[in-house]
Structure formats: C-alpha cells, structure tokens
Amino acid sequence: CIRDRFKMQTKIVLRDDQIPKAWYNVIPDMPGALAPVINPRTGAPAAPEDLTPIFPMSLIEQEVSEQRWIEIPEEVREVYQLWRPSPLYRAHRLEAALKTPARIYYKYEGVSPAGSHKPNTAIPQSWYNKQAGIKRLATETGAGQWGCSLALANSFFGIETTVYMVRVSFTQKPYRKNLMEVWGADVIPSPSELTEVGRRILDESPDTPGSLGIAISEAVEDAATHDDTNYALGSVLNHVCLHQTVIGMEAKEQLKMVGETPDVILGACGGGSNFAGIAFPFVRDKASGQDIRLVAVEPASCPTLTRGVYAYDYGDIAKLTPITKMYTLGHDFVPPGIHAGGLRYHGDSALVSQLRHEGIVDAVAYPQNACFEAALLFARSEGIVPAPESSHAIKGAVDEAVRAREEGRERTILFCLSGHGNFDMAAYEDYLAGRLEDYAYPEELIRSSLANLPKVG
C-alpha cells in the first residue's frame, strides 16, 4: 500500500503550483445557522455597513459569506510562495521516544518569514486594505506573532503599521518587538497613554499586565478615530479563520500522498484561527461520517472552551466591538502573564465555539509546565524549538500517542506546529530554571467576570 512505500519518509512537500487556489469557508457546512452578531450601540443584529469604519468591504463580505470556496487573489498567492506550501513532517524520532505505535505528523508553519502561521491572513488582509486605499493599519498583538506578521505584510504593500502589544509580552519578548520594528511598525505597550481606553485603564490599574481585550480596544479606537486607518485582527473573526484554511487543505493533500487518513487532529487554541486552519478543512469529512476527532488545546490559565460559557459577549474590554456568541470567560477577564501570550484571549471564534457547542470539536486544557515538558521532548527528538503556544498542540499529540501505546493500537495523529520558539528563549530559560508556575484560574474569579456579560435578546 502507499503508506508502506512511504513509511520512512520524513518530509512530505508540495510544489509551489499546489498552493490552494481558494480558501475553504466552513460556514456552509456548519450545523445550523450562525447566531447573529449584535451591534453594541443599537442592540440589533449588525449589518455589513456597521463594520465599514474599521474594515474594507471586501473583508466584510468574506466575514458573512456563505460561499464554500473563496478565490485567493493571485497577488496573495505570489507572496504565499515565499514559504507555502509548508512542509508536513512525519515525527519518526518523537514516535520512537514515546515507543508508540501511533504515526505522528505535524504541519510546520514556522517556515514563514515571521516564524508562525499568522502571515496566512496578514498577507490577504493587508492586500485587501491596500486595494481600498487604506494608508495605515492598527492592530493588537499578544506574544507578537500577529504583530510581526502584519508588519511583514504591510512592508510588502506599503502600508503603515501601529501595533498595541500587551504590556507583559512587550516586556517578555523584546525581540518580537524588534522584528516588528525591522519591518517598519510602531510598537506601543498596551495599555498606553495614546488612547482614551488606555488612559482610563492605567488610571484604574496602573500595574496591569494588559490583555488582548485591552489591546483590541486601543487598536479599534485608533482605527475608528482616523479616516486613513483601518483595524486588522489576527484571530477570532470568520475571515481570519477562512484565510488560515490553507494549512489544513495542504495537509490533506500531503497525507494523501503517503496514504494516510488522520484519526485525530489537534491545534493550539487561543482565539481559534490556528486550530481552525488545521481542523476546518476536515469538518466536511467528519460530517460525512469519517471517524475523526478535532481537538482544540488551550492553557489551563485561560480555559475558554473548557471552563467558559457559550454566550453573547464583547470582543474587547471597552465594548467597542460587535457582540458575538462564543465561548467566553468574560470581556473584562485578565489572565495571568503566561509565556503563551497568543493564547490569553477571553473568548473564542464564533465558528470554533459553535462547533464545540454542537459536539463536533473537542477541547482540552493543560498547565504551562506540562506543555513546556512536551516542548523539550519534541525539541530533543525532532530538533525544532516550538513556540510556547505550539507546545500545547504538542502536549495534546503526545498524550494521544501515549494513549495509543497503552491501548496497543495504531493511530494517525496530525497537529499544527504553528510556529518556532526562536524568539521565546526567555520562556525556556524560566522553565529550565524552575521559575514557571502553573496557574489554574480560580472559579470565583471566572464567575465574577461572567457576571458582566451583556444582556442580549
């Protein structure tokens, strides 16, 4: 069989002309209609024109589209060729270290210039804004992968970049800040004195570590108050998840080349785009009867899918963004400053959330020390040092492989290695020195935050 012929192959590589020509939109294959998005000012369902102060109409149309396939512009595909198609690896050495009968594959997105999966959406977002005549994009970033990716994309298309970087990550990850600046971005620790919401939060909590919810508020306020500026978001939104599906579509073709069908697919999940990228192209397969598990892996310190509630909530602390039905810990939730800064968001993608609510997606949460332990095992067997965010998917894959060993059965495991950790050495230094603390968010604080959810309907 094909699998036997390729059983020792390590890298499965596609040609440049095999980059997907269209993104896959999961909405037509969702179980039931999506819950409407609510305009925070009127309390009524949001219309596309409500979003025009911060997004170009081309992206708004993608956000609400029910078309299964959306063509990728040729100019975007040309930039994708700098690193796409990304390689799929068979983790032979990790399998041997675990003594597992499972076959482990990982889709490696760290080959992008920014070192993560985020340019998959940064490139098209920048291109569509360029076509709309936008001169500057404002955004937020946690660990810095998204900020770096948007700075990279905007440097290609001649757009200015302002990045509000969560304060704790601004301090923890100075080299990501430097990389953004190399690509021309203006990087500001958030909360800042430059926006009304930032000043208010600093007055109330001068020692706050910041959060993605705060940084989003600052970036949205910036965009909404400048005519030449739009807002760009690196996760959560439908069009962002759409752009990331190039990951899973390529992976499907690569697995076919070696005769494999995955039994379980895992991705780290903060806002949801990483997980959506690897998992959404397989939703149709699962819906058609294929026995496949789709597992979102999140940190125990920000357990949105595993301990949050499925409810309407704001996407930011200042209540500037539309109200969306999602799994949430509450819009004013401020998680501890774990090193996986990209997974510290209080909510999740509406699409991922609905799939989770309907039982199509599973979710697990791990403390950061267990994830770093898995990251070291991976680095010492496969050689790649993973980003702290990516270590969550590795931990999930390791547990699946150990379970296969204990059960004495074969299993094909696919996960998304969403980025390298070459800019995260401070995190590894803290782990190796025993300075990392596991933090399970107290139930009473979650209840307190959830008490402030908006009243909808």
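Author: Start with strand β12, residues 309-314. Five of its six residues are buried, so β12 is largely enclosed by the rest of the structure. Buried means under 20% relative accessible area, exposed over 50%, and partly exposed in between, with a 1.4 Å probe and protein chains only. Strands here are DSSP runs of E with at least two residues; helices are runs of H or I with at least four; both are numbered from the N terminus.

This is a predicted model: local features need pLDDT of at least 70, side-chain atom pairs count only at pLDDT 80 or more, and totals for chains, interfaces and linings use all residues. Residues are numbered from 1 along each chain as its sequence is written, and side-chain values use heavy atoms, without hydrogens and water.

Now the partner. Strand β13 spans residues 323-328. β12 and β13 pair in the antiparallel sense over six bridges; pairing requires at least two DSSP bridges between two strands. Val309 stands opposite Thr328 in β13.

Next, the surroundings. The protein has 20 helices and 15 strands. Of its 457 residues, 63% are buried. Take the contacts (heavy atoms within 4.5 Å) between residues at least 6 apart in sequence: 77% join residues at least 24 apart.

Last, the overall size. The C-alpha atoms fill a box of roughly 60 × 50 × 45 Å along the principal axes.
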